[in-house]
Amino acid sequence: MIERCLGAQRSRKFHRALRQCKVTALCLVLTVVVLRGIIGAGEFGTPEKDFYEIRNRLYFPSRKRGGDPHRVLEERRATSSSFATHDRNHNKNNYDEFNVKMFTEDNGEDDEKPDPNEPYSRGPKISNWDAQRAQWLNENPDFANFINKKPRVLLVTGSSPKACENPVGDHYLLKSIKNKIDYCRVHGLEIFYSMALLDAEMAGFWAKLPLIRNLLLGHPEVEFLWWMDSDAMFTDMTFEVPWERYKDYNLVMHGWNEMVYDQKNWIGLNTGSFLLRNCQWSLDILDAWAPMGPKGKVRDDAGKKFTKELKDRLAFEADDQSAMVYLLATERDKWGDKVYLESEYYLHVNWVILVDRYEEMIEKYRTGLGDHRWPLVTHFVGCKPCAKFGDNLAERCLRQMDRAFNFGDNQILRTYGFTHKSLAGGRVKRVRNETRNPLEVKDKVRLLSPPYKAVKNFEPVQSQVRTMDTA
């Protein structure tokens, strides 16, 4: 009929325009639906509100014609209540709206206050630990304290049981423990991470001492315990500690004999990274070290003494490092023969000295040196990434911690064919093409199969299979 009225050509144009209008209308409807689903409806309500309005228009038409005002008011209240309930449930899923302090703050009962007149003690005095440990090792030959002539080592670190006050602090603690796990895996070390404060009196600098003592007694199979602060990172993944050098020593710290024994300088050594042998001597020095650490009057008085006796020390409460310097300087005859102050490589180095030189190290030197050319451990002294305030500029600290982490992480990633695009960022790039024969790729720095992790297989696999078949 349309064709008769308009003619064939105009009829085709009319049908074409009609189809275009249908498509346009359909696209408009779909666009509105998608936009409302993604960004909401703003001032025009939500789909749920629209549903309520449509239902109310269909089932309660009397509102338009002046229905019962009381009934309308009650229905409006009920509708508002349902939306409020929905909003509250939605906010419970939002971590920004959630009060996380209820999980990060310690709401437990306060510890009993110790008697200030009683000397500090971590338990009964142990005086025959060497004999007890020797007997245990003899009765448990499968848990040898030396493996392939290398001591069994337990690396110990930890952090506060509470969440960091710094919003990104926990992220940097995660980077730090990841870094330590990588080094331990490569070098065959065991690792222990603590988030427990074992003794409330020994908070702060001193929290490590009760933990170390308990681990020495709980792991007689461990020959050396390696303490490392949470703000210290490995930056030479290849360097192997010269364990044979310390066969006659029980405590190894980075430091200098002249600064400790002659000058009594409070920074003559560092206790942020040290090695301690599992023996009676170590328990004895812990017993002599710890009594200077209980918080309160004891710690304050010891701090005043250290400031007076030690060179260049400012006035603040007693810390474990000053206490160790004071102990060695005043009782060298008792402890000095078994203490090795290491300065040939960096068991610890202050981050300020080296972090700006990582690119120079990459260009000029190689891994495995452990010294100023490629430091074993970089310690971010004073940065306090978990605290609200540190002793250095926060931005510089965090940026340099990123650089140190990536500097060490690159040594791990390269063994798998990747590296960070830059020391300042987390993105990686491929530096080695894939191959159909991956085992033929040479591991130049031998991080995948280092010689110090090799274990001799005394019984061939085929012999084990035949034995099982025979049985």
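A residue counts as buried when its relative accessible area is under 20%, and as exposed when that area is over 50%. With this cut-off, the buried residues of helix α12 are Asp320, Gln321, Ser322, Ala323, Met324, Val325, Tyr326, Leu327, Leu328 and Ala329. That makes 10 of the 11 residues of α12, so the helix is largely enclosed by the rest of the structure.

First, the whole chain. The protein has 17 helices and 12 strands. Of its 471 residues, 38% are buried. The protein exposes about 29700 Å², and carbon and sulfur atoms supply 54% of that area. Among contacts between residues at least 6 apart in sequence, 71% join residues at least 24 apart.

Confidence in the prediction comes next. The mean pLDDT of the protein is 83, and 74% of the residues reach 70 or more. Over residues 458-471, however, the pLDDT is below 50, and this stretch has 2 contacts in the model beyond near neighbours in sequence. Where pLDDT is low, the predicted coordinates should not be read in detail.

Leaving aside neighbours within four places in sequence, methionine 253 is in contact with Leu269, Asn270, Thr271, Phe274, Met324, Leu328, Val339, Tyr340, Leu341, Glu342 and Leu347.

Trp289 also belongs to helix α10, where Gln280, Trp281, Ser282, Leu283, Ile285, Leu286 and Trp289 are buried. These are 7 of the 10 residues of α10 (residues 280-289), so this helix too is largely enclosed by the rest of the structure.

Helix α11 shows another arrangement. The helix runs over residues 297-309, has 13 residues and reaches 18 Å from its first C-alpha to its last, close to the 18 Å expected at 1.5 Å a residue. Which residues of α11 are buried? They are Arg299, Ala302, Gly303 and Phe306. These residues cover an arc of only 105° around the axis, which puts them on the same side of α11. An α-helix has 3.6 residues a turn, so residues three or four places apart point the same way. On the other side of α11, Lys297, Lys304 and Lys308 are exposed. Helix α12 is part of what covers the buried residues of α11.

Between α11 and α12 there is a loop, and aspartate 312 is found in it. Most residues other than glycine have a negative phi. Aspartate 312 has a positive phi of about 65° although it is not a glycine. Its relative accessibility is 56%, and therefore aspartate 312 counts as exposed. Lysine 384 is another non-glycine residue with a positive phi, near 50°. The loop that holds lysine 384 lies between β10 (377-379) and α16 (394-413). At 39% relative accessibility, lysine 384 counts as partly exposed.

Phenylalanine 224 is found in strand β5 (residues 224-228). Its relative accessible area is 1%, so phenylalanine 224 is buried. What does phenylalanine 224 touch, leaving aside neighbours within four places in sequence? The contacts are Pro151, Arg152, Val153, Leu154, Trp243, Tyr246, Tyr249, Asn250, Leu275, Leu276 and Arg277. Serine 194 lies in strand β4 (residues 190-194). With a relative accessible area of 7%, serine 194 is buried. Serine 194 touches Thr157, Gly158, Ser159 and Leu211, not counting residues up to four places away in sequence.

Isoleucine 353 is found in α14 (residues 351-354). Is isoleucine 353 buried or exposed? Its relative accessibility is 55%, so isoleucine 353 counts as exposed. Isoleucine 353 and threonine 378 are 25 residues apart in sequence and 9.5 Å apart in space, C-alpha to C-alpha.

Notes
Residues numbered from 1 in each chain as written. Predicted model: local features only at pLDDT ≥ 70, side-chain atom pairs only at ≥ 80, totals over all residues. Heavy atoms only, no water. Helix = DSSP H or I, 4+ residues; strand = E, 2+ residues; numbered from the N terminus. Expected span 1.5 Å × (residues − 1). Buried < 20%, exposed > 50% of the residue type's maximum accessible area, 1.4 Å probe, protein only. Arc of directions from axis to C-beta. Contact = heavy atoms within 4.5 Å. pLDDT = per-residue confidence, 0-100. Areas by Shrake-Rupley, 256 points an atom, 1.4 Å probe, with all protein chains shown as cover.
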